[in-house]
Amino acid sequence: MERYVIEGGTPLKGEVSIAGAKNAALGLIPATILSEGVCKLENIPNIKDVNRFINILRKLGVKTTQINENTITFDAQNIEQYEMLDDETRKMRASYYLLGALLGRFKKVTIPFPGGCDIGVRPIDQHIKGFEALGVKVEIEHGVINMYAEKLIGAQIYMDVVSVGATINIMLAAVKAEGMTVIENAAREPHVVDVANFLNLMGANIKGAGTDIIKINGVTELRGCEYMVIPDQIEAGTYMVAAVATKGDVLIKNVIPKHLESISAKLTEMGAEIIEYDDAIRVIGKEDLNSINVKTLPYPGFPTDLQQPMAVLMCLTQGTGTITESIFENRFKYVDELRRMGADILVDGRVAIFSGGKQLSGATLRATDLRAGAAMVIAGLAADGITEVTELKHIERGYENLEGKLRSLGAKIKKVVD
Ligand SMILES: CC(=O)N[C@H]1[C@@H](OP(=O)(O)OP(=O)(O)OC[C@H]2O[C@@H](n3ccc(=O)[nH]c3=O)[C@H](O)[C@@H]2O)O[C@H](CO)[C@@H](O)[C@@H]1O
Ligand SMILES: C=C(OP(=O)(O)O)C(=O)O
């Protein structure tokens, strides 16, 4: 069994560099399937989900060359396979992008239902609705999705919910459809824009990514290109929260401060000092934190993926604050773990009420999912005494070298393998 052993109480101090964005890389990697040339991706984060997806592409016949730790070329010119039913595909959420990418390339695809963090029901009805509008026939049997089309034809698609995955997936198929596709009520997350920019560099014609109306004029061929993954908004936000939780002073480098505005605003409201530079952000924690209310929303709102780390800060204030989770219906499972540390949290449906004023004390905690895992680590860094965090496989899905980066900031954390 692997676990982190953390001795709390040391303020984080120094500089940390943020890796490429998990959720952008997970869209860009399958997008390379659409290219009839070689694509070079730089700033790919070295994390489990990304490495798993690269392996899936290799199994499909994509030739990959590792140029250095974070740069890889993808050559999908000779692939013939459009079916991927292995276990790795089943485990990942982002494997749903194989639907859009393989439909765009072959007009047919067979994959299992996607996995991902256990944070509530995660339907893919909006993905399916979009593909059907493009002329795709969909069959679902025994947990396997089978899609095929004679032709992909551009269409007007209104998304009933704002979905990052559905927006990117429809874009992936629509770039190779005949005519114009319009996605209304599209997601505006930075990774939606990143995938659109990459596809445009490959020769696609996408306009409006970053707004809630995206227009895609289909093209017949996409070429190879070189592209750099954007910095990870969520990894950056995690270090921002960790700096405040430990009353530290951290310069977080290789970020796009614009992507972090919702987090900076909330940390400032809590009393932390935030200094923005062109591609870095300095976060200085304070002795006393104000209680605040946070509601998760689609971008540019406060990201649901930082809800769990933020919960730790809510425990460290003196008064009462709330978090409303409006994206996923069951993303509060981790509060039981924080309660073991003495936190006072009441959950009522989509709202968690935090009564502050309690010193967290070290305990053995389970990383129930990826961001809950990050929250447990931050709680351990802020707590009195020793905290052990188990089930690191979740954390390693999305954080590059978390232990090493925290240690470089002075944290007393070590990974123990029994
Ligand atoms: C691999 C990846 O990029 N994962 C991210 C992606 O997940 P994911 O793409 O799964 O999240 P979505 O943006 O699609 O989900 C948003 C909401 O829409 C609902 N929904 C979604 C699709 C659908 O067909 N029908 C439907 O009802 C979901 O249940 C959820 O309530 O965006 C989430 C929201 O920013 C992030 O938490 C995840 O880290
Ligand atoms: C929920 C997340 O990931 P996934 O969609 O891959 O499960 C996340 O990154 O916080």
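A polar side-chain atom of Arg371 lies 2.8 Å from an oxygen atom of ligand 2, a polar contact being a pair of N or O atoms within 3.5 Å. The protein covers 94% of the 300 Å² of accessible area that ligand 2 has on its own (Shrake-Rupley method, 1.4 Å probe). Oxygen atoms of ligand 2 are also found 2.7 Å from an N or O atom in the side chain of Lys22 and 3.2 Å from a polar side-chain atom of Asp305. The model is predicted, and local features need pLDDT of at least 70, with side-chain atom pairs counted only at pLDDT 80 or more. Residues are numbered from 1 along each chain as its sequence is written, and side-chain values use heavy atoms, without hydrogens and water.

The shell around ligand 2 (residues with a heavy atom within 4 Å) includes Arg93, Arg122, Arg331 and Arg397. Its residues divide into 3 nonpolar, 1 polar and 8 charged (Asp, Glu, Lys and Arg count as charged; Ala, Val, Leu, Ile, Met, Phe, Trp, Tyr, Cys and Pro as nonpolar; the others, Gly among them, as polar). Ligand 2 lies between domain 1 (2-18 + 232-417) and domain 2 (22-228), because both give residues to this shell; the bounds come from an automatic or database domain assignment.

Ligand 1 is surrounded by 21 residues, with Tyr96, Gln126, Ser163, Asp305 and Ile327 the closest. By class, 10 are nonpolar, 6 polar and 5 charged. Taken alone, ligand 1 exposes 730 Å², of which the protein buries 89%.

Note on methods
Chains lettered and ligands numbered in written order. Polar contact = N/O pair within 3.5 Å; in protein donor to acceptor, adjacent residues only side chain to side chain.
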